[in-house]
Amino acid sequence: MRPVLIVAMLCALALPAAALAVGPGGAIPRIAAARLGDSSQRLELAKLRGEVVYVDFWASWCVPCRQSMPALDRLFRQYQQRGFRVVGVNKDVATGDALRFLQRVNVSFPLVADRDDAVAKAFDVQAMPSGYLVDRNGIVRYVHRGFTADTAMELRTEIESLLGSGA
């Protein structure tokens, strides 16, 4: 049995990083991150189980984020009473850059900082912005890379589907 385990581990190490990416059908990583602007508070994704959650990776230098952040905030405000949450994961190295961006593009959903890339690496983020729509059981159902007006429409349909008519 031991040689089989060793072979399995070696095979897993040989997989390309993309094969380990969080994608549809996979569970979200069990991670916690400091709140943006208040490192004494942490947000744990596992505590959002039972909700439909969109985990959005963004940065102040990301041009499509200027469109995605207000759109995500509208969706959050529209569906939060039905159990929809958005968690914005900021990728700026300097917190000040993110805070200046938020003075122009205000959002009401929680934001966390990921300056050391731990959260992005756990999700294997490959583009900015990237978003992961997670069902109530913590399973990723949809992944969005980049953001356009079409993405917003698709996301609305996906959220409504996951929330269900009576949710």
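Helices, in H or I runs of at least four residues, and strands, in E runs of at least two, are DSSP runs numbered from the N terminus. The model on display is a predicted one.

**The whole chain**

Begin with the protein chain in a cartoon view, where the secondary structure amounts to 5 helices and 7 strands. Followed from the N terminus, the order of elements is α-β-β-β-α-β-α-β-α-β-β-α. The chain has 167 residues, of which 43% count as buried. Among contacts with a separation of 6 or more, 71% are between residues 24 or more positions apart.

**Asp-117**

Next, select Asp-117, which sits in the loop between strand 5 (111-113) and helix 4. Asp-117 has a phi near 70 degrees, a positive value in a residue other than glycine. As background, most residues other than glycine have a negative phi, and most peptide bonds are trans. Asp-117 has a relative accessible area of 30% and is therefore partly exposed.

**From helix 4 to strand 6**

Move on to the loop between helix 4 (118-123) and strand 6 (130-134), where Pro-129 is found. Select Met-128 together with Pro-129: the peptide bond that joins Met-128 and Pro-129 is cis, with omega about -10 degrees.

Asp-124 also belongs to the loop between helix 4 and strand 6. Its phi is near 55 degrees, again a positive value in a residue other than glycine. Is Asp-124 buried or exposed? The relative accessible area of Asp-124 is 19%, so Asp-124 is buried, the cut-off for that class being under 20%.

**The disulfide**

Now select Cys-62 and Cys-65, which form a disulfide with sulfur atoms 2.4 Å apart. The structure holds 1 disulfide. The angle about the S-S bond is 80 degrees, and the link of Cys-62 and Cys-65 is right-handed. Both cysteines, Cys-62 and Cys-65, are buried.

**Phe-101**

Which residues is Phe-101 in contact with, leaving aside its neighbours within four places in sequence? They are Trp-58, Ser-60, Cys-65, Arg-66 and Met-69. Phe-101 is buried, its relative accessible area being 1%. To relate sequence to space, draw a C-alpha to C-alpha distance from Phe-101 to Ala-59: the two residues are 42 residues apart in sequence and 8.5 Å apart in space.

**Helix 2 against helix 5**

For the last stop, select helix 2 (residues 65-79) and helix 5 (residues 149-163). Their axes come within 11 Å and cross at roughly 25 degrees. Helix 2 is therefore roughly parallel to helix 5, since angles under 35 degrees count as such. The crossing in which helix 2 passes helix 5 is right-handed.

Show the side chains on both helices to view the contact:

- On helix 2, the residues that meet helix 5 are Gln-67, Ala-71, Leu-72, Leu-75, Gln-78 and Tyr-79.
- On helix 5, the residues that meet helix 2 are Ala-149, Ala-152, Leu-155, Arg-156, Ile-159, Glu-160 and Leu-163.

Coloured by class, the contact of helix 2 with helix 5 shows 9 nonpolar, 2 polar and 2 charged residues.

How values were computed
Residues are numbered from 1 along each chain as its sequence is written. Side-chain values use heavy atoms; hydrogens and water are left out. Axes are lines fitted to C-alpha atoms, for helices over the stretch in contact, and angles run from 0 to 180 degrees between N-to-C directions. Angles under 35 degrees count as roughly parallel, over 145 as roughly antiparallel, 65 to 115 as roughly perpendicular and the rest as oblique. A crossing is left-handed if the near helix is turned anticlockwise from the far one by less than a right angle, and right-handed if clockwise. Contact means heavy atoms within 4.5 Å. Ala, Val, Leu, Ile, Met, Phe, Trp, Tyr, Cys and Pro count as nonpolar, Asp, Glu, Lys and Arg as charged, and the others, Gly among them, as polar. A disulfide is a pair of cysteine sulfur atoms within 2.5 Å. Buried means under 20% relative accessible area, exposed over 50%, partly exposed in between (1.4 Å probe, protein chains only).
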